[in-house]
Amino acid sequence: MVDWITAILVLYMSSSAFPLYVYDCPLGWELFEEKCYHFVFYPERTYGQSTTACQINGASLLSINTRQEHSFISQWLETNDKSRKRKWWTSGIGANENLRWEGDATSGLRTDDFWVDENDRTDDIRHIVYEYSSVVSSFGWGRESDSIVQPSVCEISLHETYRIVQAARDHTYGTSVSNTNDIPRGPKLTITPSHMIVVSKIKSAFIECAADGNPPPYYTWFRKSTSTSPDVEITSAMNTRYTLTNGKLSIAEPNVTADGGDYQCIAFNRMGVVMSDTVQVSFGYLSEFSNDPPGSVRAQLYQGTVIACNPPNHNPAVRYQWYKNSAMNFVRPEMNHYLFISHNGKLYFSETQQLDAGNYHCVVTLTAPPGQKVATTQPPSRTSLGIQLVITGDTASDFGPTIHNDFPAVFPSPPLKGEDIRLECMAYGRLPLYYWWTREGLPLPEKTQYLDRNRVLLLPDADLEDGGKYTCHVRRGTSSSDSKTIQLVIEAKPYFVFPLQDQHVDIGSRLSWRCEAAAKPRAAYTWYKDAKPLTSQPGTFEINENVLIIDKAAPERHSGMYQCGATNRHGTTLCSAQLRVLGKYRLSGSWSLHVISFPPTFIKRPVVSSQLATINGNATIICQPEAAPQPEILWRKDNRDLGLTPGSQGRIQLLPNGNLLLTEVNLRDAGYYECEATNMYGSAKSGGHLEITEQTTIDTAPSDTRVVQNGTAFFFCQASYDVTAHDLVYVWKFNDKVLNVDDDSHLQKGSRERSSGLYIRYAQFRHAGKYECTAQTVQDSVSYQAILTVLGPPGEPAGVYAEIDGTSATIIWTPGTDHGSPVHSFMIEYNTNYNHNWRLLTQYIPYTESIVEESNRRKYTVTHLSPGSLYSFRVTVSNSFGRGTPSVTSPKYKIPDAPPVLAPPEVGGGGGPVGSLVITWAPLAPEDHHGEGTGYRVYWRKYTITDSTWQQHVVEGRASKYTAIVGVDNFFSEYEVKVAAFNYLGQGPNSTITVIMSAEDMPICTPSNVYGDSLNGTAIMVFWGHCPDTREMMKGRVLGYQINFNLEDDDLMNSISHYGQMDSGNVIGLLPDSDYWVNVQVFNTAGYGPRGELARISTFTNPPLLYPEYVEVSSYGAESVLVSWRGISTALAEEAIRGYKLRYWESKESILTAKDVLTKEKETRAVISGIEGGVVYNLRVLGWSNGGDGKKSPTVYFTLGGQIRYDPLTSDILAKGSELCISTICLVLGVVFNLFVLSAMYD
């Protein structure tokens, strides 16, 4: 029955019985001809954001269609934009005959004299803006890139302004209540839950959501469905481990089987239902490294290399660290500039040194990705087996820099908006290397930070606009450099630039509701009503992506809470708003709503009961009832119908907004004027007396006004005076001081509804107060006052202090001004003397949990503060408008000292002098000392089958190492160690027991059977019988072997070390055709063993001293080329030629990637196979012999088609598919192509 009645009412409302109500321009909009214009000073936005902001209100970005419209815009900006420095977005794009306006899809008004700079006229890429020209002293057209943020101008047809008027309504519209705090409102989430990762066994964990609403919302939590189970409501009844306190779901002793999954919070009251984003409760783990010994890494001396870490299985993420040989030698890139630990876990060496040889261990620690939290204070870590780095090769030479193929690299991947994005770069090359970064076409973002000697570029809290082409540059001295570019594409989980706004619409009206999310990749949209998905339903809902259209709004079908969900591959984000189809409602049953009516009402704005007007002046009598739908207005004087229609002309006019205008006032106009408003639900009347006087009067006076922060307020002040006899001026005062409007860009004199007054645009709290308008002539004056109240987030709390009780603190404060909306929650932050950054202590404290009886103060107790630290606190207050300004910082409070509660981490050790046991640990952070007199108690005992007595020693201060004397007989023995921190009040817990080795003794083993052979003219290979790697022979472990050598006639002994267990090693950097004496020693960390027997080894004579000439390349099949050259001859001081090497590599790569093709003896032709099409290669030919590689021929360049002429300094490589050409800067493409053809014919 009710649905049938509602349908009739809606049909009746949409019929012609009630004419379409014609609006004046809304508050804050300017009227010109038949359009309204909104000049948006703040916030400044990009072109796309400005376009969307206009569309949200049903308007569009400015289009210019006539000269008169251009003049209006230019003059308004000249009058009101005092700075003259701003540029203003329009919807214009294109140039000349292609100039068009995207706002109204019209072709552009093309006039040359509108342009500030003539060169901008032909720019068809950038959008048209209004900017000031100092040459002609007016605003004209310019151009700007669409990524720049600046003000904008929206426009809308006067007949479409009902969209904006409806959007401007609030929850009080249609009620007799003026205070929004007393109006029922649907729930709005104020705290959204976060993903949580549970690590190891913990007592409890929680996820939380909170919402604001009236009445206060209720909450339920659901575990989301899987492929095998539906959604499950979480209650204490289903499991006593679950506790729901308001919106906080606590899980006792969480476990992966019962508690892992996706969760969602539902908040509801009788006005509707909203849901939170889905969050995941997952369980972190970190497996062990493999027990299979990892392979060794061999690197050339003074060349670059990398050691990779193969992390164990884990969830969700790990961070990396490395140490060499023992845990006391962690890799420190900040101290060794040639080392670099990438976010990918690998350890890079710009150049290797002999001292770098050894066993490297990768340490991984479980961590959480951005936006998630780990429910543990001590995440687990794992250490790999040692990865041996073996150093071999030639002597030092200048090389590089060459940026490694892994770089530049971006972390995390994919990079997301809001995260801290790292761009990494690392090059091989001799030190010193200098790094810097650039961005193509744009400067680096202002927030850019450089880390790790500029090898890391950090973009904290990255924005989409921070993307672009970033180039890493590296230079060695002034001679060599390298650079590589990476395209940084920042993606984004959807976030709402313009979230949904509450709507209060007339029954039967059409609502076009748009939500706009920024996302990359583009978001897909889903609509929900009261937490249930919506689909298009003819006659009820029409959904087109992010636009929801309700054609004929009806309370029972359409009122409720709506949410727009934006989804891409990075997740889903929800925004919510309430739709109120205006009417008075009666509760039936539980929460069922029935339509009664919403007739016009003058409760809030009755017609002024008594008003003055001046002879020969003008007077406006305001009639502004509330009604849904909008009413028809009828005016009477002394109970006689004036017979006026909207827009009619004459001395007495009914204005389109319903007000009555009288011009050329005379004595006969005195009387009782009554406004009657009528719609389908009824009518209402309100009237007042108009008295005529010869004195100046204010017929439309300012009245008390409320405005939301950053909104626009307007005070009417329209005087009636004898326009034939006097001039009149308006003087405004604020808090009894004369206002100079030019001193505050927020203030502007103007008119609204054909009455003059004062605009307060983008109102701030400082604008709240008493305003007085004085209308003054030479004969008299008249004044009226009104109060402006600015609504918004609460003011900062005052008088914050704390009362300390052990490790708890009761924070006490006095709330600041609520700014028109009741406070619903508080947030407490803190900092300490050890960390001055503000950190969250308690995010959501409900108002009811902070009340102090019989006092206006508030308090809240926080626990588990860190003993021995100095704490400062600050409080922030929230209401329905948002979070306010933090309070002034409280005094500092000392938490009483207490013994430490944490054990020192990273306990290890080893090495040191013979007879000692070196024990190391990471010292606690200063705030974990919990008091003065800090130190560490170190325990050790020999590792045996049966427990032995612990020995101990006290180390004072913030130490990280202790060396115990265990005696020379206990060399290289296993010891158990543990460490505990203490202060003057006592000792904390012991660390986990760790097994380490005592120091090694000097080896007693001597390498035997030493002999060798020549490698080339400057190197020899030495062989020996290796030492057994036992405790008895090595007094430890084999660290490596040292080869000692000297010229036969020279007693000066030189040496070279090779790390690891081996039975051969080379000696480089020798003289050709020379004899050397060599012997070998084994060594460990304690020192060197005895020298072995001497062996005599000779080097070959010189390698070829000439290089091959006349190198030519020609095509030789589908994947090969033929190379020919003129051979070389050798002299007596050179070894005989054994053949030639063809060394080739891609021209855009380093010679370090080169491949060799070998020929036999005196052959001077060879085929290179496996050549790819569309690639330019470098080629150098050299002879080789027993003396080594000879000199290399000059570089020649070739492709699959044969040899080419190519200068890399003046040419670019252009490849497409299998085609390739060389584009020389000085030549056009056609000439270059002809040169290729001629070159190929010649070859």
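**Sheets, core and confidence in a predicted model**

Me: In what order do the 4 strands of the open antiparallel sheet stand, and which are the edge strands?
Reply: In this predicted model, 4 strands form an open sheet with antiparallel pairing, and their order is β33-β34-β38-β37. Neighbouring strands are turned by 25° against each other on average, direction ignored. An edge strand pairs on one side only, and this holds for β33 (409-411) and β37 (449-451).

Me: Over how many bridges do β37 and β38 pair, and which residue does Gln 449 stand opposite?
Reply: The pairing of β37 with strand β38 (residues 456-459) is antiparallel and extends over 3 bridges. Within β38, the residue opposite Gln 449 is Leu 458.

Me: Why does Leu 423 count as buried?
Reply: Leu 423 lies in strand β34 (residues 421-424). Its contacts beyond four places in sequence include Val 410, Trp 437, Val 456, Leu 457 and Ile 486. Buried means under 20% relative accessible area. Leu 423 is therefore counted as buried, its relative accessible area being 0%.

Me: How far apart in space are Leu 423 and Glu 155, C-alpha to C-alpha?
Reply: In sequence, Leu 423 and Glu 155 are separated by 268 residues. In space, their C-alpha to C-alpha distance is 43 Å.

Me: Is Thr 471 buried or exposed, and which side chain does it join in a polar contact?
Reply: Thr 471 belongs to strand β39 (residues 468-476). Because its relative accessibility is 13%, Thr 471 counts as buried. Beyond four places in sequence, Thr 471 touches Trp 436, Trp 437, Thr 438, Ser 483, Lys 484 and Thr 485. The polar contact, of 2.7 Å, is made with the side chain of Thr 485.

Me: Which strands pair with β49, and over how many bridges?
Reply: Strand β49 (residues 560-568) is mostly covered, with 8 of its 9 residues buried. Strand β45 (residues 524-529) runs antiparallel to β49 and is joined to it by 6 bridges; here Trp 527 stands opposite Cys 564. Strand β50 (residues 571-581) also pairs with β49 in the antiparallel sense, over 9 bridges.

Me: Which element gives the largest share of the largest nonpolar core?
Reply: This core has 36 residues, of which Phe 39, Ile 73, Tyr 130 and Trp 141 touch the most other members. Elements giving two or more residues include α2, α3 (67-80), β8 (127-133) and β9 (138-144). The largest share, 5 residues, is that of β2.

Me: Which residues of α2 are buried, and what follows this helix?
Reply: Helix α2 spans residues 47-56, and its buried residues are Tyr 47, Ser 50, Thr 51, Thr 52, Ala 53 and Cys 54. After α2 comes a residue with a positive phi, near 80°, namely Gly 58.

Me: Where does the pLDDT fall under 50?
Reply: The protein chain averages a pLDDT of 86, and 91% of the residues score at least 70. Residues 1-22 stay under 50, with 32 contacts beyond four places in sequence in the model. A pLDDT below 50 is also found, together with 25 contacts beyond near neighbours in sequence, over residues 585-596.

Notes:
Residues are numbered from 1 along each chain as its sequence is written. Side-chain values use heavy atoms; hydrogens and water are left out. pLDDT is the predictor's confidence in each residue, from 0 to 100. Contact means heavy atoms within 4.5 Å. Buried means under 20% relative accessible area, exposed over 50%, partly exposed in between (1.4 Å probe, protein chains only). A nonpolar core is a set of buried Ala, Val, Leu, Ile, Met, Phe, Trp, Tyr and Cys residues joined through side-chain atoms within 4.5 Å. A polar contact is a pair of N or O atoms within 3.5 Å; within protein, one must be able to donate a hydrogen and the other to accept it, and residues adjacent in sequence count only if both atoms are side-chain atoms. Two strands pair if DSSP finds at least two bridges between them. Axes are lines fitted to C-alpha atoms, for helices over the stretch in contact, and angles run from 0 to 180 degrees between N-to-C directions.
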